[in-house]
Amino acid sequence: WLTLYVQQTPNKTYTEKMIHDMYELVKDVPQRVTFPVRAVMLRQAWPHFSWLLNISDRYSLTLWQGSTDPVTIEDLLFVRDNTRPEQVYYDIYDPVLSQFKEIALKEKRKRRFYPGGNLIDYIKPQDLNAMYIKWYSSLYEDR
């Protein structure tokens, strides 16, 4: 697909129909498929791309940046937090890419979750066949 990003109208993004049309083109091919996605337009369309990634382990995204696109580290971290690392490739210019890598690899950083994402990926410790969940009760109790 082709994209046009103009900073004065940043509300334009990938539509559900666009994602479904691309899916229809590749759904029967046996190979792995990576979908090139303009990074600056991804977050607004995240529910559609999340759907796509959850359909098959064969699908991945390649996030790319136009030379003047204002890609934010926050948006890249959002995608990282809501996908498995092998689902997303980053074709992003420095210094944004270097800063993103530095923050993303910190062990104790806070993550931002998309409510439609798969939380099991985040509460299950790596290399263990178990989950760790800590429940918190309300600060206020009914009396």
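Q: Which residue in E3 is the bridge partner of Leu-63?
A: The bridge partner of Leu-63 in E3 is Tyr-90; strands here are DSSP runs (E, at least two residues), as helices are (H or I, at least four), numbered from the N terminus. This is a predicted model, where local features need pLDDT of at least 70 and side-chain atom pairs count only at pLDDT 80 or more, while totals for chains, interfaces and linings use all residues. Residues are numbered from 1 along each chain as its sequence is written, and side-chain values use heavy atoms, leaving out hydrogens and water.

Q: And what stands opposite Trp-64 in E3?
A: Opposite Trp-64 stands Asp-91, and E2 (residues 59–64) pairs with E3 in the parallel sense over four bridges, where pairing requires that DSSP finds at least two bridges between two strands.

Q: How does the chain get from E2 to E3?
A: It crosses through H3 in a right-handed β-α-β crossover, meaning that, with the strands pointing away from the viewer, the path from the first strand over the helix to the second runs clockwise.

Q: What about E1 and E2, how many bridges there?
A: E1 and E2 pair in the parallel sense over six bridges, and Pro-36 stands opposite Thr-62 in E2.

Q: OK, what is the strand order in the sheet?
A: The open sheet has three strands in the order E1-E2-E3, with parallel pairing. Strand E1 (33–38) and strand E3 (88–91) are at the edges with a single partner strand each, so one side of each has no neighbour in the sheet.
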